[in-house]
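Here is a short briefing for a first look at this structure. Keep the view open while you read.

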Amino acid sequence: PTRSIATFLHSGLMAEIELLVFDVDDTLYPVSSGFSDHRNGEVICKFMTERLGFDSFESAKALRDEYFMRYHSTMKGLNVATQEGRLPGKPFQQEELADFWAEHCDFARYLPPEPRQLAHLRSLREDTDLKFAVFTNSPRKYALRCLESLGLRDIFPDAHIFGVEDVLPACKPQPEAFKVILDSLGVSAERTVMFEDSMKNIRACKALGMHTVLIHEGFDPSGVAAGEGCMGGEAALLGD
């Protein structure tokens with residue numbers, strides 16, 4: 001059955017939880033915002049044509065999507081593409097992608113603050129002893145811009161915000177990536193809840209012993225994620 005986060009927080013299981021970890025993209029904002037299509041479409045293609053020497057958006061998008069399907073991270077994918085000699089121009093530099101996304105994504109247009117989400121997360125932080133963290137397969141500098149635009153930056157301490165650079169050469173859904181986060185924060189998997197939009201990542205977390213919430217269409221303060229994912233079945237918060 002679907003259970004709300006509020007119910008979870010007032011349940012006996014709450015005593016077992018120390019850490020809440022949130023993905024960023026399509027988790028802290030809804031996929032219907034169009035922001036991921038914007039970032040993974042025009043913005044990444046502009047980066048790859050201007051900085052990596054691709055001759056068209058089409059060729060850039062084809063390679064980006066090929067490697068993203070393999071590695072689930074644009075940054076890791078472009079690292080591997082460089083190693084495999086697939087880039088037409090100069091080698092990919094991680095810092096350039098982090099800067100480009102932070103400077104060229106239209107955060108103001110696509111990621112306005114959501115007052116209900118902000119109030120709910122701030123209440124959780126203030127009313128509990130829970131630790132809050134962010135872990136994304138995107139660059140950390142970009143993640144900070146997302147949090148700032150969403151009005152969530154003050155929810156997460158600096159040392160609790162992890163980008164893919166912090167776990168490379170691993171990245172989600174590899175277990176090693178999640179272990180880096182847990183070890184850095186000194187919390188066991190069994191005392192952690194991961195909020196994710198990716199079922200691959202949910203399964204990886206569950207295999208490590210973490211509690212999980214599958215988000216579909218953005219984090220819902222009521223605790224019910226809309227659509228096929230919801231929070232029942234395989235990804236049920238109380239059923240894992």
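A residue counts as buried when its relative accessible area is under 20%. Lys172 has a relative accessible area of 1%, so Lys172 is buried. The model is a predicted one. The chain has 10 helices and five strands. Of its 240 residues, 51% count as buried.

**Overall fold and core**

- Take the contacts between residues at least 6 apart in sequence: 67% of them join residues at least 24 apart.
- In soluble globular proteins, nonpolar side chains tend to be buried together.
- The largest nonpolar core here holds 70 residues.
- Leu20, Phe35, Phe47, Met48, Phe132, Leu152 and Phe156 touch the most other members of that core.
- Beyond residues up to four places away in sequence, Phe47 touches Leu52, Leu78, Phe92, Glu96, Leu97 and Phe100.

**Lys172 and Glu196**

- Where is Lys172 placed in the chain? Lys172 sits in the loop between strand 3 and helix 9.
- The side chain of Lys172 has a polar contact of 2.7 Å with the side chain of Glu196.
- The Lys172 side chain also reaches the backbone oxygen of Phe135, at 2.8 Å.
- Neighbours within four places in sequence aside, the contacts of Lys172 include Asp23, Tyr71, His72, Thr136, Asn137, Ala177, Phe178 and Met194.
- Glu196 belongs to strand 4, which covers residues 192–196.
- Is Glu196 buried or exposed? Glu196 has a relative accessible area of 0%, so Glu196 is buried.
- The side chains of Glu196 and Asn201 make a polar contact at 3.1 Å.
- Leaving out residues up to four places away in sequence, Glu196 touches Asp23, Thr27, Lys172, Asn201, Ile202, Val213, Leu214 and Ile215.

- A cis peptide bond links Leu168 to Pro169, with omega about 10 degrees.
- Pro169 is in the loop between strand 3 and helix 9.
- The bond from Lys172 to Pro173 is cis too, and its omega is near 10 degrees.
- Pro173 also lies in the loop between strand 3 and helix 9.

**Helix 9 against helix 10**

- Two packed helices are described by the angle between their axes and the distance between the axes.
- Helix 9 spans residues 175–185 and helix 10 spans residues 199–208.
- Their axes come within 10 Å and cross at roughly 65 degrees.
- The crossing of helix 9 and helix 10 is right-handed.
- Helix 9 supplies Pro175, Phe178 and Lys179 to the contact, while helix 10 supplies Asn201, Ala204, Cys205 and Leu208.
- By type, the residues of this contact are five nonpolar, one polar and one charged.

**Helix 8 and its buried residues**

- Which residues of helix 8 (residues 140–150) are buried? They are Tyr142, Ala143, Leu144, Cys146, Leu147, Ser149 and Leu150.
- An α-helix has 3.6 residues a turn, so residues three or four places apart point the same way.
- The buried residues of helix 8 pack against helix 2 (35–51), helix 5 (94–104) and helix 6 (107–110).
- They also pack against strand 2 (131–135) and strand 3 (161–162).

- Asp26 is not a glycine, yet its phi is positive, near 65 degrees.
- Asp26 lies in the loop between strand 1 (19–22) and helix 2.
- The relative accessibility of Asp26 is 15%, so Asp26 counts as buried.
- His72 has a positive phi as well, of about 65 degrees, and is not a glycine.
- His72 is in the loop between helix 3 and helix 4 (74–83).
- With 24% relative accessibility, His72 counts as partly exposed.

**Asp65 in helix 3**

- Asp65 is part of helix 3, residues 57–71.
- The relative accessible area of Asp65 is 25%, so Asp65 is partly exposed.
- The Asp65 side chain makes a polar contact with the side chain of Lys61 at 2.7 Å.
- The Asp65 side chain makes another polar contact with the side chain of Arg64, at 3.0 Å.
- Asp65 and Gly77 are 12 residues apart along the chain, and their C-alpha atoms are separated by 8.9 Å.

How values were computed
Residues numbered from 1 in each chain as written. Predicted model: local features only at pLDDT ≥ 70, side-chain atom pairs only at ≥ 80, totals over all residues. Heavy atoms only, no water. Axes fitted to C-alpha atoms, helices over the stretch in contact; angles between N-to-C directions. Helix = DSSP H or I, 4+ residues; strand = E, 2+ residues; numbered from the N terminus. Left-handed = near helix turned anticlockwise from the far one by under 90°. Contact = heavy atoms within 4.5 Å. Nonpolar A, V, L, I, M, F, W, Y, C, P; charged D, E, K, R; others polar. Buried < 20%, exposed > 50% of the residue type's maximum accessible area, 1.4 Å probe, protein only. Polar contact = N/O pair within 3.5 Å; in protein donor to acceptor, adjacent residues only side chain to side chain. Core = buried A, V, L, I, M, F, W, Y, C linked by side-chain atoms within 4.5 Å.
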